[in-house]
Amino acid sequence: MIHSIEGGRGNPRPRPPYPAEAGLWECPTLINNVETYANITPILRKGAEWYSSIGTEKSKGTKVFALTGKVQNTGLVEVPMGTTLHQIVEEMGGGVPDGKVKAVQTGGPSGGLHSSRIFRYARGVRVLAASRHMMGSGGMIVMDESTSMVEIAQFYMDFCRGESCGKCVPCRAGTVQLHEMLTKIVNHEATAGDIEKMEALCQMVKEMSLCGLGQSAPNPVLSTLRYFKHEYEALLQQDVETAK
Ligand code: SF4
């Protein structure tokens, strides 16, 4: 954003220096999202103690989520940090009409997917505070049993490869290759070893990319592999059966 305002290409730049020291035109710059700034006024008015009384020991305050997908009630919800996914999806969202929740994606296209198995059994656990997936921009998409997790991963990788600025190779080439691999699986053209290769490529893209986009782009693939590997394998098995 800073590069764009300065009239340049929207490329990330390595830090430090951080924007608070040298940001827009080398001046100290605060760059945060609107939700963060919106919290400042009530904190100044009511005090830090009031704000700290909301949420959990480690994560204070509230979080706004855009709840959408296969739920009865969609819209923006603001909840205390530490609210469980179960509370948001089933109690506020009203659950899936005529079906069951299969997965919930948080954190936008490069966030992660939570299996319903996890949050059904983790009702008392502070899923949002303790989760290994990002809350990010606060997107929350609910998916029902009819959703293919492999096609979802392919869809999000298509988005990430389009968003890559191309500055570093792991992200620029890695997201394209990951999308090709996912397409191969969806089309029943992949062999068993392709899943392992795809996992290894995901790790490489995560570790070697320069900025958050590349570092988080493999998350939908890795999280669907963690919880729904059988769906990937079923497509390979169909491939074998078709070949026979
Ligand atoms: S990770 Fe992707 S978006 Fe970020 S600098 Fe590298 S190519 Fe650009």
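Where is the place of D98 in the chain? D98 sits in the loop between α4 (85-92) and β3 (101-106). Helices (H or I, at least four residues) and strands (E, at least two) are DSSP runs, numbered from the N terminus.

## Basis of the report

This is a predicted model, in which local features need pLDDT of at least 70 and side-chain atom pairs count only at pLDDT 80 or more, while totals for chains, interfaces and linings use all residues. Residues are numbered from 1 along each chain as its sequence is written, and side-chain values use heavy atoms, with hydrogens and water left out.

## The chain as a whole

The chain has 244 residues, and 40% of them are buried. Buried means under 20% relative accessible area, exposed means over 50%, and partly exposed covers what lies in between (1.4 Å probe, protein chains only). The secondary structure comes to 11 helices and 5 strands.

A contact means heavy atoms within 4.5 Å. Among contacts between residues at least 6 apart in sequence, 57% join residues at least 24 apart.

## Helices α7 and α8

Helix α7 covers residues 149-163. Helix α8 (residues 169-186) packs with α7 at an angle of about 155°, and the two axes are 9 Å apart. Axes are lines fitted to C-alpha atoms, for helices over the stretch in contact, and angles run from 0 to 180 degrees between N-to-C directions. Angles under 35 degrees count as roughly parallel, over 145 as roughly antiparallel, 65 to 115 as roughly perpendicular and the rest as oblique. The helices α7 and α8 are therefore roughly antiparallel to each other.

The crossing of α7 and α8 is left-handed; this term applies if the near helix is turned anticlockwise from the far one by less than a right angle, and right-handed applies if clockwise. On the α7 side the contact is made by V150, E151, A153, Q154, M157, D158, C160 and R161, which meet T175, V176, L178, H179, L182, T183, I185 and V186 in α8. These residues divide into 9 nonpolar, 4 polar and 3 charged. Ala, Val, Leu, Ile, Met, Phe, Trp, Tyr, Cys and Pro count as nonpolar, Asp, Glu, Lys and Arg as charged, and the others, Gly among them, as polar.

## Residue Q154

Q154 belongs to α7 and is buried, at 17% relative accessibility. Leaving aside residues up to four places away in sequence, Q154 touches H179, L182, T183 and V186.

## Backbone features

Most residues other than glycine have a negative phi, and most peptide bonds are trans. P16 and P17 are joined by a cis peptide bond, with omega about 5°. P17 lies in the loop between α1 (2-5) and α2 (34-46). E26 is also placed in the loop between α1 and α2. The phi of E26 is positive, near 65°, and E26 is exposed, with a relative accessible area of 57%.

D98 has a positive phi as well, near 55°, and is exposed at 84% relative accessibility. In α4, the buried residues are L85, H86, I88 and V89. G94 follows α4 and has a positive phi, near 80°.

## Cysteines

A disulfide is a pair of cysteine sulfur atoms within 2.5 Å. By this rule the count is 0 disulfides. C165 is partly exposed, with a relative accessible area of 25%, whereas C171 is buried, at 6% relative accessibility.
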